[in-house]
Amino acid sequence: MMRPKNEIPRKQARLILIRQFKGNAAPIPELNNHTIRREFSVATRFIATACESQFLQQGFQERLSHWNRQRLAPAYPGDWEERFQQDQVMLRLEHGFVEELRSRIRDRASQAPTDPDGFIQWFEALEQSGPGQHDALFPWLAEEAERDEIRWFLTQEAAGEAGFDDLVALTQVKLPDSPKLELARNYWDEMGRGNAKGMHGPMLAQLVTTLDLSPSIEATVWESLALANAMTAMATNRCYAWHSVGALGVIELTAPGRSAHTARALRRIGLTQSERRYFDLHAVLDVKHSRDWNELAIKPLVAQDPRRATAIAEGALIRLSCGERCFDRYRAHFGLG
Ligand SMILES: [Fe+2]
Ligand SMILES: [Fe+2]
């Protein structure tokens, strides 16, 4: 069959595009929009199963992180056309990335009960049995890690931080009243209840300054970037709104344990109470946040529509699996078993 003019061979185009995902090739002028769309569609559908994932790797996650930083920053309408072109491509890839994460946990999520009480019980059990829970990394950080090892760990965590406050704000759009109110209360706590010194984001930024850390996308392992990128994808795309409720809720559920260990590590290396406040605070406050989120956001959502249970379960498992990949990578970095 004759190939249409200007269209490059399918296999060649796919290889070029994969190289572009890794950030080491310039755009190819022969590719028109139609070809790009079709080839990206092909790439995001089955290349991941045929060979190593195109999404779970450094180059792609860095590119997604840069795009997220750019697209969420307040801007002006002047460069709209260029941004629109880029957004089309990146949204397609972002969707492929989340779908790959979903495919890895879908079976387990499908086993979650869909009645409100049964679901909450299943969800809360994730604290004990969820992917990556009670990882050996954290007792090691609390009791043995040296100052520079703790600094490296926090550099990764800080660069991979997507901003819980903004994720909550993005997720609450058009939610039913009770969940919307609960997300608003949670957001207000993130905002220090109107007191700048109590805002959680700047509190973490202060710790970064205290420890003289230099977080950057390029210096962050892909596992940590992927965690932040997955959270951002779920909060910004309305088709994953219920997933985002689950992912944010499972952070509240599981953060107290990790925060307590991290706070102990910081105390051991001599940080004062006010310097380690971010982790001390989350070790306690998130216990309440989790209880309220489950009771006032998740429960009424599932009672209204049982299908949401499965989506919330998927979001929670996506978040925990991303965390598990981080802990595996961090332990490998530190030479732990
Ligand atoms: Fe917080
Ligand atoms: Fe919280």
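Helix 4 spans residues 80-110. In this predicted model, helix 4 packs against helix 11 at an angle of about 105°, with the two axes 10 Å apart. An angle from 65 to 115 degrees counts as roughly perpendicular, so helix 4 and helix 11 are roughly perpendicular to each other. From helix 4, the contact draws on Glu-94, Phe-97, Val-98 and Leu-101. Helix 11 answers with Ala-230, Ala-233 and Met-234. By class, the contact of helix 4 with helix 11 holds six nonpolar residues, no polar ones and one charged one.

Helix 11 has another partner to follow. Helix 11 covers residues 222-236, and helix 12 covers residues 241-268. Their axes lie 7 Å apart, at an angle of about 135°. Angles over 145 degrees would count as roughly antiparallel, and the roughly perpendicular range ends at 115. Helix 11 and helix 12 are therefore oblique to each other. The crossing of helix 11 past helix 12 is left-handed. On the helix 11 side, the contact residues are Met-231, Met-234 and Ala-235. On the helix 12 side, they are His-243, Ser-244 and Ala-247. This contact of helix 11 with helix 12 has four nonpolar residues, two polar residues and no charged ones. Met-234 of helix 11 meets residues of helix 4, and Met-234 is also listed in the contact with helix 12.

Now step back to the whole chain. The protein has 14 helices and zero strands. Of the 337 residues, 35% are buried. Among contacts with a separation of 6 or more, 81% join residues 24 or more positions apart.

His-200 sits in helix 10, which runs over residues 200-210. His-200 and His-282 are 82 residues apart in sequence, yet their C-alpha atoms are 9.3 Å apart in space. Leaving out residues up to four places away in sequence, His-200 touches Phe-164, Asp-165, Glu-190 and Tyr-278.

Two loop residues have backbone angles to check. His-134 is not a glycine, yet its phi is positive, about 55°. His-134 lies in the loop between helix 5 (116-129) and helix 6 (137-143). With 15 other C-beta atoms within 10 Å, His-134 is partly exposed. Lys-174 also has a positive phi, near 65°, and is a residue other than glycine. The loop that holds Lys-174 runs between helix 8 (164-171) and helix 9 (177-190). Because Lys-174 has 7 C-beta neighbours inside 10 Å, it counts as exposed.

Last comes confidence. The protein averages a pLDDT of 88, and 85% of the residues score at least 70. Two stretches need a separate look. Over residues 1-32, pLDDT stays under 50, and the model has 31 contacts beyond four places in sequence for them. Over residues 42-50, pLDDT also stays under 50, with 14 contacts beyond four places in sequence. Where pLDDT is low, the predicted coordinates should not be read in detail.

Terms used: Residues numbered from 1 in each chain as written. Chains lettered and ligands numbered in written order. Predicted model: local features only at pLDDT ≥ 70, side-chain atom pairs only at ≥ 80, totals over all residues. Axes fitted to C-alpha atoms, helices over the stretch in contact; angles between N-to-C directions. Helix = DSSP H or I, 4+ residues; strand = E, 2+ residues; numbered from the N terminus. Parallel < 35°, antiparallel > 145°, perpendicular 65-115°, else oblique. Left-handed = near helix turned anticlockwise from the far one by under 90°. Contact = placed C-beta atoms within 7 Å. Nonpolar A, V, L, I, M, F, W, Y, C, P; charged D, E, K, R; others polar. pLDDT = per-residue confidence, 0-100. Buried ≥ 20, exposed ≤ 12 C-beta atoms within 10 Å, placed from the backbone.
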